[in-house]
Amino acid sequence: MSRAKRTDTRPTAPHAADSHDMIRVHGARENNLKDVSIELPKRRLTVFTGVSGSGKSSLVFNTIAAESQRLINETYSAFVQGFMPTLARPEVDVLDGLTTAIIVDQQRMGADPRSTVGTATDANAMLRILFSRLGDPHIGPPSAYSFNTASVRASGAITVERGNKKAVKATYERTGGMCTNCEGRGKVSDIDLSQLYDDSKSLAEGAFTIPGWKSDSQWTVQVYAQSGFVDPHKPIREYTEKELRDFLYGEPVKVKVNGVNLTYEGLIPKIQKSFLSKDKESMQPHIRAFVERAVAFTTCPECDGTRLSEGARSSRIGKISIADACAMEIRDLAEWVRGLDEPSVAPLLTALRDTLDSFVEIGLGYLSLDRPAGTLSGGEAQRVKMIRHLGSSLTDTTYVFDEPTIGLHPHDIQRMNDLLLRLRDKGNTVLVVEHKPEAIAIADHVVDLGPGAGTAGGTVCFEGTVEDLRSAGTVTGRHLDDRSSLKETVRKPTGALEIRGANTHNLQDVDVDIPLGVLCVVTGVAGSGKSSLIHGSVPAGADVVAVDQSPIKGSRRSNPATYTGLLDPIRKAFAKANGVKPALFSANSEGACPTCNGAGVIYTDLAMMAGVASPCEDCEGKRFQPSVLEYRFGGRDISEVLAMSVAQAEEFFGAGEARTPAAHRILQRLADVGLGYLTLGQPLTTLSGGERQRLKLATHMGDKGGVYVLDEPTTGLHLADVEQLLGLLDRLVDAGKSVIVIEHHQAVMAHADWIIDLGPGAGHDGGRIVFEGTPADLVADRSTLTGEHLAAYVGA
């Protein structure tokens with residue numbers, strides 16, 4: 001094939017299409033942003049930094065990414081848009097040069113018991129097809145290997161409407177792979193009847209011990225007492241076999257109670273529907289405590305926790321069943337797949353190998369495909385979501401990451417950096433919200449927001465290169481090269497928490513003494529067994545306060561005052577001072593503005609168009625009835641108190657006529673964790689990830705426990721905020737508490753009194769104690785990956 005030669009050598013003017021190489025943002029006002037205007041280079045890696053609460057997420061996620069998604073959704077038909085979430089246009093004057101945004105955030109994967117790492121990616125689907133083609137004996141199509149598909153058999157007459165109508169006999173059969181005993185969950189629930197009722201009493205005497213079930217007034221209890229199936233005046237232990245069976249396992253049936261038609265069903269199915277079908281984390285604390293007491297989840301004895309039917313487990317490729325394949329560590333599974341040579345499924349094997357290799361490359365080779373998705377940490381969930389994008393053919397898209405280095409050991413951060421650079425080098429725009437200096441260092445462009453948090457932030461303090469940031473004088477610039485030094489003296493333990501033979505997940509019969517009365521840091525590479533050791537072995541008793549990374553549940557009606565319990569003493573103080581009921585001072589109760597129901601805004605649903613929220617005209621966004629606002633305490637009404645920042649409220653309730661010790665104690669704890677800038681009435685939905693974690697820590701600081709277990713408390717914290725956190729940990733230890741921290745941040749390691757290092761690798765290469773001792777000994781020893789990185793960090 002010949003090509004025409006170009007003879008014209010005159011310089012050509014730049015093509016008009018090549019001039020759109022910037023994303024322009026003008027007048028962004030989402031949350032605390034103050035008319036922010038910036039220009040971001042396309043096809044470059046831009047890192048957004050700044051103290052926690054400075055407006056990074058508001059700019060990147062709530063403005064740039066949100067508008068990109070909204071514009072894409074508008075390209076679909078009105079019919080399709082009706083099934084999609086409606087997105088409002090962000091508060092911004094101009095957004096220009098946007099490309100398709102792919103958001104890879106830290107939202108935990110759904111905790112559905114049927115969701116695993118394999119089902120959340122394409123890996124399980126490809127494995128099922130592979131076994132349906134090569135499995136011996138052959139048991140059916142891919143659905144026969146799925147633990148989410150039940151076997152179905154049906155037969156009967158059907159009418160075929162073709163020519164003369166004719167009834168023909170037909171049978172239908174579908175083979176599924178679901179274990180019939182546990183219904184594909186891998187676990188079965190065993191209910192302790194002694195926690196449901198006292199069998200020495202009758203129903204009339206109040207036999208039920210279930211929270212909220214009162215024998216005199218509760219409708220549910222009256223259904224059992226007046227159903228006619230059991231004698232309400234006979235002690236439960238004296239029931240006949242039939243009475244007990246009807247009482248515990250009776251089928252739903254209509255009964256009349258006090259002239260009202262109600263449904264009666266056995267106690268066990270009633271408990272399963274009322275309590276076991278709900279997410280345990282969303283329950284009230286006393287209900288959750290009851291469920292943990294009354295219900296034990298044990299491995300299904302029929303499928304041995306594999307979730308699969310006997311047929312699915314019997315079909316093998318070589319000596320490996322699909323249950324065996326899903327239980328392997330992904331790096332071992334990748335090796336096994338690489339050893340399969342079958343031309344008939346060559347394209348499938350190639351795709352499966354690529355997916356599994358992506359897991360290994362991203363540092364998740366220690367996971368198995370049968371790992372429940374709900375047990376992944378925020379960082380692991382984010383990296384699992386990244387896998388589908390690594391081999392993507394898309395270019396010129398915008399990838400948005402929310403702290404991708406969370407949960408990563410310093411050893412693993414370099415690997416994550418390489419992946420971000422690879423996405424950029426394919427011609428994509430990569431926007432990253434990040435605090436770690438190692439991740440900021442690879443940026444082509446840095447945007448520093450601040451200077452403070454909340455109302456003190458929301459402006460762009462710096463734009464430019466990493467080198468210019470170091471000399472910029474901003475909070476980030478000043479702290480970028482900060483390095484904590486090792487402590488000259490460490491505290492002496494006052495005792496020890498003995499752990500013997502720990503074998504949860506990948507732990508290999510670990511024996512360790514965790515010192516008490518000191519700051520102890522448990523570290524190691526991702527997947528080495530840190531969480532398994534602490535959460536699986538430290539008994540969760542009354543003396544242990546665990547603050548993990550599970551997200552705070554709260555609607556737009558929830559705020560720091562309601563979440564921490566601060567509003568209770570404030571309401572009581574207002575009620576006492578004015579001689580009225582406390583419920584008047586709740587925007588979710590009697591005092592709520594009737595027009596907006598206490599929300600402060602009116603939400604207008606515009607069908608497939610984005611809904612609109614406008615301030616309530618009657619209460620002007622104050623959320624309360626005008627009559628409630630006439631009651632004052634310390635010269636302020638309730639809406640003015642909720643508009644205060646934590647720092648202002650701490651001063652207000654600390655002295656003078658408004659002095660309220662119960663409220664002041666909670667406000668002090670909020671200030672201690674660095675949340676002095678939050679307003680008391682700010683909706684929880686507007687808080688950043690770091691703010692939510694610290695809000696949870698402040699709430700638990702009021703608990704009476706003597707041992708605090710913190711899971712990566714530096715998550716979402718700026719370098720400057722880490723110093724404040726270390727001061728807080730010191731205060732806890734000096735107050736006589738024992739603090740155990742699972743952490744990768746070198747500043748926390750350097751500040752520790754004692755370090756326990758797990759490893760040496762992840763998965764089955766980890767699960768052992770590779771070092772115990774002081775940070776100084778670890779640095780001097782340098783025998784582990786953690787030791788090498790800590791030594792480099794402190795400059796030893």
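1. Let's start with helix α1, where K56, S58, L59, V60, F61, T63, I64, A65, E67, S68, R70 and N73 are buried. Buried here means under 20% relative accessible area, with exposed over 50% and partly exposed in between (1.4 Å probe, protein chains only). Helices (H or I, at least four residues) and strands (E, at least two) are DSSP runs, numbered from the N terminus. Helix α1 covers residues 56-73, 18 residues in total, and runs 24 Å from its first C-alpha to its last, close to the 26 Å expected at 1.5 Å a residue. That expected span is 1.5 Å times one less than the number of residues in the helix. There is also a kink of about 35 degrees in α1, centred on A66. The bend at a residue is the angle between axes fitted to the seven residues ending there and the seven starting there.

2. A word on what you are looking at. This is a predicted model, in which local features need pLDDT of at least 70 and side-chain atom pairs count only at pLDDT 80 or more, while totals for chains, interfaces and linings use all residues. Residues are numbered from 1 along each chain as its sequence is written, and side-chain values use heavy atoms, with hydrogens and water left out.

3. Now the overall layout. The protein is divided into domain 1 (22-108 + 376-480), domain 2 (187-299), domain 3 (482-552 + 692-795) and domain 4 (555-686); such bounds come from an automatic or database domain assignment. Taken over C-alpha atoms, the centres of domain 1 and domain 2 are 51 Å apart.

4. Which residues touch the most other members of the largest nonpolar core? They are I570, I638, F653, L680 and V739, out of 69 residues in that core. Helix α25 (residues 719-734) gives the most to this core, with seven residues. Domain 3 and domain 4 each supply at least three residues to this core. A nonpolar core is a set of buried Ala, Val, Leu, Ile, Met, Phe, Trp, Tyr and Cys residues joined through side-chain atoms within 4.5 Å.

5. Take I638 as a close-up: leaving aside neighbours within four places in sequence, I638 is in contact with I570, F574, F585, F624, V628 and L629. Contact means heavy atoms within 4.5 Å. A second, separate core has 68 residues, V47, A312, A323 and L376 among them.

6. The buried residues in α4 are A123, N124, M126, L127, L130, F131 and S132. Their cover includes α3 (117-120), β12 (316-317), β13 (320-321), α10 (322-327), α11 (330-338) and α12 (346-361).

7. D448 sits in strand β16 (residues 445-450) and counts as buried because its relative accessibility is 1%. T49 is 399 residues from D448 in sequence, yet the two are 4.9 Å apart in space, C-alpha to C-alpha. Not counting residues up to four places away in sequence, D448 touches T49, G50, T459, V460, C461, F462, L469, T474 and T476.

8. D543, by contrast, is in the loop between α18 (530-537) and β21 (544-547). Its relative accessibility is 46%, so D543 counts as partly exposed. With residues up to four places away in sequence not counted, D543 touches K704, G705, G706 and V707. D543 and V707 are 6.2 Å apart, C-alpha to C-alpha, despite a gap of 164 residues in sequence.

9. On to the aromatics. Rings of Phe, Tyr and Trp (its six-membered ring) pair if their centres lie within 6.5 Å; planes under 30 degrees apart count as stacked, over 60 as edge-to-face and the rest as tilted. The count comes to 16 aromatic pairs. Elsewhere, Y197, F208, Y224, F229, Y239, F247 and Y264 form one aromatic cluster.

10. Finally, some backbone details. Cis peptide bonds join D136 to P137, with omega about 5 degrees, and G450 to P451, with omega about 0 degrees. N31 is not a glycine but has a positive phi of about 50 degrees.
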